[in-house]
Every structure is written in structure tokens, then in C-alpha cells.
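This report examines one protein chain, beginning with a single residue and widening to the elements around it. Please keep the structure in view while reading.

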Amino acid sequence: MACSGVQGRLSSVFTDGSNPHGFTAFSSENSSEDELTDQLTDSGTSDTASETSVQDQDSFISDCESVVDSGSSSAQSRMFNDGLVALFDGDRVHDLIKQRFVSSLGLLGPHANVVAIHRNSYSSLVGQARLRSFQIYLKAVEEKCGGNPNVKYAWYAPSSKDEISKIICHGFGHHEKPQKDGLYGSGVYLAPDDSPMTCVEGSNVDEDGLRHLLLCRVILGRPEVVHPGSEQYHPSSEEFDSGVDNPIAPKKYIVWSTYMNTHILPEYVISFRAPTCLKGFLKTQESIKKPTSPWMPFPALIGVLSKFLPPPTFALISKHYKDHRENKISRHELIQRVRQIAGDKLLASIIKSFRAKV
């Protein structure tokens, strides 16, 4: 059914505050993202389950290596030593990580080229001990938190390719120190697996023009909110286990330095190419994507809607927005649901008033 003039205009006027002009081009939900979450985000409460996961990944690699060009295999294998095993196109884990990563980059996604993905094999005695230590602490936090250790996958930006080898061999030895420039205490900073941009922007280009990120499993337990400029270096009380910058939609996980080699397990390395000057590139892309029709940041829209809608109706819109931020529904689905709940007449009036003030 064709949309009215108002409906047609409304399809491109909403934006998410994290991506000011992103609603000009909608992206549909992809079932493989859900599959990746199922594959990577596990509770890890069972030692057997963890060991089975590693064994399954070995079988995926074996199946794939038989059909991959040997020249490509040797090139990727030489990229890292120290217990890292290359995964290849066609491997289910490789493809899910790659797709999840690229789709989470927003405007940068079409311009990022994933060159290689490696898996930590924990093949050495020390590697096995570190894996076992992670499982022991996971059990301890699980019991402490009433059955939910709150294990997440998260990105870490190493300072160099050499640091990756040191982390795989010896564990984390680097952590951020509290400063007055907005850092969140003394610890290791990681980004949620669906929000890699902070780590991408903080990554360095190596001699081959590549950037590298670590995808780690992280025991968060019960996190506490840490504010910019904090000089904290351990949990504020026994109630907490880690830190976050935002309790609703965190962009930073903070693992205190005392826990960095027991609560973080590096599992994958992703190597990719991206524009050298990221900030300049993203600024250019945002200006290109800027809508010509009136638009309004979604957080601002929700704030105004709270004044016009009854609490149950507003709560439903807030839930849909939270689902979108967690990648459970697409932008297009979010816009359609908000239009159905609030009505185009009210939305058009709010956006018109907002643009007049701006």
C-alpha cells in the first residue's frame, strides 16, 4: 500500500543519536547476526561446554583447510605465531565473526576489508593453564552472582601486532592509568562485540597496512558504573566485579588490572584494512549521508514523546528503542513501530517544532 506524503517523509526523518544521519538508508535484520550471538555469547558455565567449543572449532578449521588455496593458507599462517590458528572463508565461525564485525561498523562497514581471522588454540601448557584459570574464576563469579557470571564477548585494541603475541604468550600486561582526560580508572578497556568502532578508532596500522583487534570472552559479573576521570583501580565493594560507562547501553567494559588475566580470555584476532584517516573519512561519510528532509535525533524525540504519551505507551516505545540499540530490531522496524504507536501527525508536529528551534 502506498504511503501518504507525510508517511513518505517520515521514513527518513528519525536518527539514532549515535549515528546522526543513519536513517536515510535502512539496513534489514540479518539472521546470521543472531546466529553469531548464539555461537559466541555463551555462559561458559560448564568446563565440558568450553572444551567442546574448542574441539568443534578444530573440526571447522580442518574441514575448511582442505578446500582453501594453499598459498592463501601459508600467508595467513605466517601472520602470527604463538598458538594462533588461521580461520578461512567458508568456516562458520570465521564468517559469523566477519559479518558481525563489518555490520557493526556503520558507515565504515562497506570500506573495511577483513583480511584474516585467527583463533587462540591454547596449545601450550601455559595457554591451557590460562584457559583453566578463566573457567575456575567463571565458576566462582557464577556462584557469587547467583548463577549468572555475565560473560560477554568484547573487543580489545592492542597497541601493536607485537602486543597481540605478548598477550597470547604471557597475558595482559598493559592497562589504562587514571588521568584527567576522561579515562575510567585503572584497568583494561574493552568494547561490546556489537560496538567495535571505539576500538577500531584506537587501533594502529602495522607495516602491512593492517589493523588488528582481539575478540575476547570477558567475565563481567555484576558491573558498577564508573565515571570519567575516576581513579578507581578495583571494585568499590565486594558486591561488584567490573565497571561500565553506562548501565543501560555500555560502550566500555572496564576490567580492573587485578583481574585482567583471570577475567579476560583472548579468543580471536581479526585483521583488517580501513581508511588511514578514520575521523576524516567518517566525517565525510556523515556529511554525504545527511538527510535533506527534516530530521531529529532519536534520544531527543523520545524525550519529547514522554511529555505527550501515557506512561504505558511511552514505555513500549522505550522498549523498542532499547531493542534497536541492542541490535534486536532494525532501524526500519523501529521507525515503523514508533509511527504505529505515536502516529504520524504527532511525530510530524514534534519534528517540525524541533527543527524550528534548531
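## Valine 218 and its surroundings

Leaving out residues up to four places away in sequence, valine 218 touches Asn150, Val151, Lys152, Ala154, Leu190, Val255, His263 and Ile264; a contact is counted when heavy atoms lie within 4.5 Å. Valine 218 also stands opposite isoleucine 264 of strand β10.

The model is predicted: local features require pLDDT of at least 70 and side-chain atom pairs count only at pLDDT 80 or more, whereas totals for chains, interfaces and linings use all residues. Residues are numbered from 1 along each chain as its sequence is written, and side-chain values use heavy atoms, with hydrogens and water left out.

## The nonpolar cores

Valine 218 is among the residues with the most contacts inside the largest nonpolar core, which has 23 residues; the others are Tyr156, Phe172, Leu190, Cys216 and Ile264. A nonpolar core is a set of buried Ala, Val, Leu, Ile, Met, Phe, Trp, Tyr and Cys residues joined through side-chain atoms within 4.5 Å. Buried means under 20% relative accessible area, exposed means over 50%, and partly exposed lies in between, with a 1.4 Å probe and protein chains only.

At least two residues of this core come from each of β4 (151–156), α7 (161–170), β5 (187–192), β6, β9 (253–256) and β10 (264–273). Helices (H or I, at least four residues) and strands (E, at least two) are DSSP runs, numbered from the N terminus. A second, separate core of 21 residues includes Leu105, Ala112, Ile117 and Leu213.

How many of the residues of β6 are buried? The count is 9 of 9. Arg211, Leu213, Leu215, Arg217 and Ile219 point one way from β6, while His212, Leu214, Cys216 and Val218 point the other way. In a regular strand, side chains alternate between the two faces of the sheet.

Strands β4 and β6 run antiparallel and are joined by 6 bridges; two strands pair if DSSP finds at least two bridges between them. Isoleucine 219 of β6 is the bridge partner of valine 151. The pairing of β6 with β10 is likewise antiparallel, over 8 bridges.

## Loop residues

Leucine 210 is found in the loop between α8 (197–202) and β6 (211–219). Leucine 210 is buried, with a relative accessible area of 4%. Beyond its neighbours within four places in sequence, leucine 210 is in contact with Met79, Val115, Asn204, Val205, Phe272 and Arg273. Its C-alpha atom is separated by 9.3 Å from that of lysine 161, which is 49 residues apart from leucine 210 along the chain.

Most residues other than glycine have a negative phi. Asparagine 150, in the loop between α6 and β4, has a positive phi of about 55°, and counts as buried at 17% relative accessibility. Tyrosine 122, in the loop between β3 (113–120) and α6, has a positive phi near 50° and is buried at 5% relative accessible area.

The buried residues of α6 are Gly127, Arg130, Leu131, Phe134, Gln135, Leu138, Val141 and Glu142. Seen down the axis of α6, they fall within an arc of 140°, so they line one face of the helix; the arc is that of the directions from the helix axis to the C-beta atoms. The face turned away from this buried side carries the exposed residues Leu125 and Glu143. In α10 (residues 298–308), Phe298, Leu301, Ile302 and Leu305 are buried. Those four cover an arc of only 95°, which puts them on the same side of α10.

## The whole chain and its confidence

The chain comprises 13 helices and 11 strands, and 45% of its 358 residues count as buried. Its mean pLDDT is 77, and 70% of its residues reach 70 or more; pLDDT is the predictor's confidence in each residue, from 0 to 100.

Over residues 1–34, pLDDT stays under 50, and it also stays under 50 over residues 42–74. Where pLDDT is low, the predicted coordinates should not be read in detail.
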